Amino acid sequence: GARLPLAGETQGGRSYRVAALNLRLDTPVPIAFRQGWHDVEVSDDALVEWQWSLKDGTLTFANPRQDAEFFLQVDQPVALATAQRVEVRLGSEVVDSFALAPAAPSQIRRVRFTAAQFGEAETVTVVVSVDRTFVPARMPELRNADTRELGARVFRAFLRPS
């Protein structure tokens, strides 16, 4: 019934240091939805939330002053006649452009930015633009009384410094 002694740095009270971990929380830079967004909506079970854009939706974040990856999870759940064209702009530069297929699963767009693209300003502005919007109430097939002008549905937007 006797305990055997362990080799290693003793911590007292029969405890020994066997390893050291350095945990680093890789926290993304918070992004604020500014102009051009409707209020946050949530699913019936409150597990998923999103915001609809207008034609142009502005996102801002603190300048990380280093290279970073921008992530945007977006979809178009409405069965529009054709895909929307979406542009992601940093200032006047188009950094990503893609077709947003109607009624398709959400997609995650990844855009790499360099510190030089962010410039020296304290705040960085990214604009998400769609080529056309729609109003659900004007689409009889939707049977929806929503009179808002809608662009794309965005679930998440975040920036992860490299």
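Buried means under 20% relative accessible area. I keep that cut-off at hand for these entries, and I note that the model is predicted.

**Entry 1: aromatic pairs**

I searched the whole structure for aromatic pairs and found seven. I began with Phe71 and Phe158. Their ring centres are 4.8 Å apart and their planes meet at 15 degrees, so I logged the pair as stacked. Next I looked up where the two residues sit. Phe71 belongs to strand E7 (residues 68-75) and Phe158 to strand E12 (residues 153-161), so this pair ties together parts that are 87 residues apart in sequence.

Is Phe71 buried or exposed? Its relative accessible area is 10%, so Phe71 is buried. Phe158 has a relative accessible area of 29%, so I wrote it down as partly exposed.

**Entry 2: a tilted pair and a cluster**

I then turned to Phe113 and Phe118. Their aromatic pair is tilted, with 5.3 Å from centre to centre and 55 degrees between the planes. Phe113 has a relative accessible area of 2%, so I count Phe113 as buried. Phe118 is buried too, at 6% relative accessibility. Which residues do ring pairs link into a cluster? I found Phe61, Phe70, Phe113 and Phe118.

**Entry 3: the open sheet**

I followed the strands next. Five of them form an open sheet, in the order E4-E5-E12-E7-E10. The pairing is antiparallel. Which strands are at the edges? They are strand E4 (41-42) and strand E10 (107-113), and each pairs on one side only.

How do strands of a sheet pair? They do so through backbone hydrogen bonds, either parallel or antiparallel.

I took a closer look at one pairing. Strand E5 (residues 49-52) and E12 pair in the antiparallel sense over two bridges. Gln51 stands opposite Val154 in E12.

I checked Arg153 against the ring of Trp50. Arg153 lies over the face of Trp50, at 4.9 Å from the ring centre.

Arg153 came up again when I looked at Pro77. Not counting residues up to four places away in sequence, Pro77 touches Trp52, Ala103 and Arg153. Where is Pro77 found? I located Pro77 in the loop between E7 and strand E8 (84-90). Its relative accessible area is 33%, so Pro77 is partly exposed.

Last, I compared Pro77 with Asn144. The two are 67 residues apart in sequence, and their C-alpha atoms are 14 Å apart in space.

Key: Residues are numbered from 1 along each chain as its sequence is written. This is a predicted model: local features need pLDDT of at least 70, side-chain atom pairs count only at pLDDT 80 or more; totals for chains, interfaces and linings use all residues. Side-chain values use heavy atoms; hydrogens and water are left out. Rings of Phe, Tyr and Trp (its six-membered ring) pair if their centres lie within 6.5 Å; planes under 30 degrees apart count as stacked, over 60 as edge-to-face and the rest as tilted. Helices (H or I, at least four residues) and strands (E, at least two) are DSSP runs, numbered from the N terminus. Buried means under 20% relative accessible area, exposed over 50%, partly exposed in between (1.4 Å probe, protein chains only). A charge sits over a ring if NZ of Lys or CZ of Arg is within 6 Å of the ring centre and within 35 degrees of the ring normal. Contact means heavy atoms within 4.5 Å. Two strands pair if DSSP finds at least two bridges between them.
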